[in-house]
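User: I am new to this structure and would like to go through it step by step. Could you show it to me first?

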Amino acid sequence: MEKETGDFMPTFFEKKQLVTPGELLAEGDYLPGENSYIENGKIYASRIGLVDSDNKKVNVVALRAFYVPKMGDIIIGTVVEVGFNGWTVNIEAPYTALLRASDVLSRPFKPQNDELSAVLNAGDLIVAKIASYDRAHDPQLTVGEPGLGKITRGQILKVIPTKIPRIIGRKGSMISMIKQETNCQIILGLNGVILVTGKTAEEEEIAIGAIRKIEEESHTSGLTDRITQLLKETKPVKVEETQQ
Amino acid sequence: MNEKTDKLIDKKGIRLDGRKADELRPVKLQVGILSHADGSAYIEHGKNKILAAAFGPREMHPKHLAQPDRMVLRCRYHMAPFSVPERKSPAPSRREIELSKVIKESLEPALFLELYPRTGVDVFVEVLQADGGTRCAAITAAALAIADSGVPMRDLVVACAAGKVDDTVVVDLFDAEDKLGAADVPVAYMPSLNAVTLLQMDGILKPVEFEKAVNMAMEGCKKIYEMQKEALKTKYMVVKEVEE
């Protein structure tokens with residue numbers, strides 16, 4: 001399948017091979033990376049995905065996974081509950097996150113003076129950053145930075161979180177191309193929620209179509225070319241429509 | 001099958017449904033067929049038809065069931081009223097509650113429960129048609145559903161039964177053999193790790209026969225394991241083939 005690459009791989013897989021949980025990947029002097037684990041000196045996959053190795057680390061790029069919060073991640077969440085001194089936010093992770101009122105109001109917060117549901121209500125979408133998280137406590141969010149806060153317009157779509165790096169592309173090549181071709185602003189939440197804001201709904205639809213295609217075909221090669229083609233194909237059609 | 005038939009295996013060693021002693025029933029597996037579940041699988045094992053759906057990890061409800069140090073796996077095994085010749089009451093029976101527990105305990109060793117404390121994974125197994133050996137088929141399907149949902153696993157769990165029919169040890173008993181035969185030994189197994197996660201016995205076997213039955217069941221497991229991996233990979237191969 002793959003051409004001989006220079007690197008030495010005394011392992012039980014070929015580069016980018018599709019593996020299932022439990023499949024033996026390597027034996028001996030190797031380290032388990034993402035989505036793999038070691039038992040009795042043998043490295044096995046723990047998720048369905050594509051294997052790869054850098055140096056001594058064996059990684060599986062998962063095709064199915066869920067988002068696990070990490071400090072500093074930018075995410076998009078939905079407010080599910082307004083509490084006494086903050087909000088509960090669904091961030092599409094195994095845990096719900098908390099956003100404190102004092103963080104949003106940026107002044108001393110008094111429950112008797114401030115009506116929290118006037119600031120953010122259940123159902124509102126926010127772009128936020130994970131301020132802290134460990135497995136013993138639910139993640140805390142912050143919106144105290146430029147670009148973060150309540151979402152007022154645009155369209156939301158959800159993808160599998162492991163596909164986000166593929167949507168970004170090498171050094172952001174894929175996402176900047178989509179942004180350029182569609183004139184849309186795109187915010188990628190690392191939890192797999194994406195916000196697309198364009199001048200018109202059509203432009204947003206094209207961007208969403210391109211992202212959907214990347215999600216479906218993320219594990220195939222030559223994707224960038226196909227996306228470029230897709231964007232080029234959809235664009236002229238749109239121009240014709242407006243002319244008629 | 002006639003109750004008075006005292007021969008379940010004829011002189012040539014052929015069983016009532018035309019199989020040899022070490023032959024499995026035809027197995028068909030499909031992954032990802034339910035769109036509202038995080039992961040799902042469907043198995044046809046002989047005349048058994050079983051659906052499995054997996055959700056999570058997500059916050060436990062009710063909350064008091066959450067464990068501070070680990071993830072909780074919950075299983076529900078349920079037989080549809082139309083799954084057997086005589087209508088089965090849809091309320092959970094003693095047998096179903098027991099099988100739910102057995103399935104849960106046979107899947108638990110495959111999960112990294114300590115990774116996501118305070119969360120829960122739910123697995124629902126719905127038997128649409130039963131013909132003996134549903135617990136085994138249910139485990140096989142449930143493991144696939146969990147793998148499809150993206151929950152990390154040590155290995156896929158696969159199950160198969162063996163037993164004694166007319167003084168012969170046979171693999172993969174169907175309904176009549178199960179009811180009229182002498183013994184039934186269901187085994188759940190993680191082939192890559194060579195670990196047994198479920199071993200039960202109903203009936204009486206000599207030690208030699210027991211050993212033979214366990215080995216035969218494990219051989220059967222290995223055959224189904226290959227189909228399991230194939231089914232999981234097929235879901236992602238389809239996209240690849242469309243492209244080529």
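User: How many of the residues of chain A count as buried?
Analyst: Of the 244 residues of chain A, 36% are buried. A residue is buried if 20 or more other C-beta atoms lie within 10 Å of its own, exposed if 12 or fewer, and partly exposed in between, with C-beta atoms placed from the backbone.

User: Where does the model come from, and how is everything labelled?
Analyst: This is a predicted model, in which local features need pLDDT of at least 70 and side-chain atom pairs count only at pLDDT 80 or more, while totals for chains, interfaces and linings use all residues. Residues are numbered from 1 along each chain as its sequence is written, and chains are lettered from A and ligands numbered from 1 in the order in which they are written.

User: How is chain A divided?
Analyst: Chain A has domain 1 (18-62), domain 2 (74-150) and domain 3 (155-237); the bounds come from an automatic or database domain assignment. The centres of domain 1 and domain 3 of chain A, taken over C-alpha atoms, are separated by 29 Å. Along the principal axes, the C-alpha atoms of chain A fill a box of roughly 65 × 60 × 25 Å.

User: How many helices and strands are in chain A?
Analyst: Chain A contains 6 helices and 16 strands. These are DSSP runs, numbered from the N terminus: helices are H or I with at least four residues, and strands are E with at least two.

User: What share of the contacts in chain A comes from residues 24 or more positions apart?
Analyst: Such residues account for 54% of the contacts in chain A with a separation of 6 or more. Two residues are in contact if their C-beta atoms, placed from the backbone, lie within 7 Å.

User: How do H4(A) and H5(A) pack?
Analyst: Helix H4 (residues 173-182) and helix H5 (residues 201-216) of chain A pack at an angle of about 155°, with their axes 9 Å apart. Axes are lines fitted to C-alpha atoms, for helices over the stretch in contact, and angles run from 0 to 180 degrees between N-to-C directions. H4(A) and H5(A) are therefore roughly antiparallel; angles under 35 degrees count as roughly parallel, over 145 as roughly antiparallel, 65 to 115 as roughly perpendicular and the rest as oblique.

User: Which residues make the contact?
Analyst: Met174(A), Ile178(A) and Thr182(A) of H4(A) meet Glu203(A), Ile206(A), Ala207(A), Ala210(A) and Ile214(A) of H5(A).

User: Now chain B. Why does the span of H1(B) agree with what should be found?
Analyst: Helix H1 (residues 94-107) of chain B has 14 residues, which should span 20 Å at 1.5 Å a residue, and its end C-alpha atoms are 20 Å apart. The expected span is 1.5 Å times one less than the number of residues.

User: Which residues in H1(B) are buried, and what covers them?
Analyst: The buried residues are Leu99(B), Ser100(B), Val102(B), Ile103(B), Ser106(B) and Leu107(B). Their cover includes strand S4 (72-79), strand S5 (119-129) and helix H2 (134-149) of chain B.

User: At what angle do H1(B) and H2(B) pack?
Analyst: H1(B) and H2(B) pack at about 50°, with their axes 10 Å apart, and are therefore oblique to each other. Leu99(B), Val102(B), Ile103(B), Ser106(B) and Leu107(B) in H1(B) meet residues in H2(B) including Arg135(B), Ala138(B) and Ile139(B).

User: Why is H2(B) described as largely enclosed?
Analyst: 16 of the 16 residues of H2(B) are buried, so H2(B) is largely enclosed by the rest of the structure. After H2(B) comes Gly150(B), with a positive phi near 95°.

User: Which residues other than glycine have a positive phi?
Analyst: Among them are Asn40(A), at about 50°, and Asp167(B), near 65°. Asn40(A) lies in the loop between strand S4 (36-39) and strand S5 (42-45) of chain A and is exposed, with 7 other C-beta atoms within 10 Å. Asp167(B) is in the loop between S6 and strand S7 (168-171) of chain B, and with 9 C-beta neighbours inside 10 Å it is exposed. Most residues other than glycine have a negative phi, and most peptide bonds are trans.

User: Where are cis peptide bonds found in chain B?
Analyst: One joins Gly56(B) and Pro57(B), with omega about 0°, and Pro57(B) lies in strand S3 (residues 48-59) of chain B. Another joins His61(B) and Pro62(B), also with omega about 0°; Pro62(B) is in the loop between S3 and S4 of chain B.
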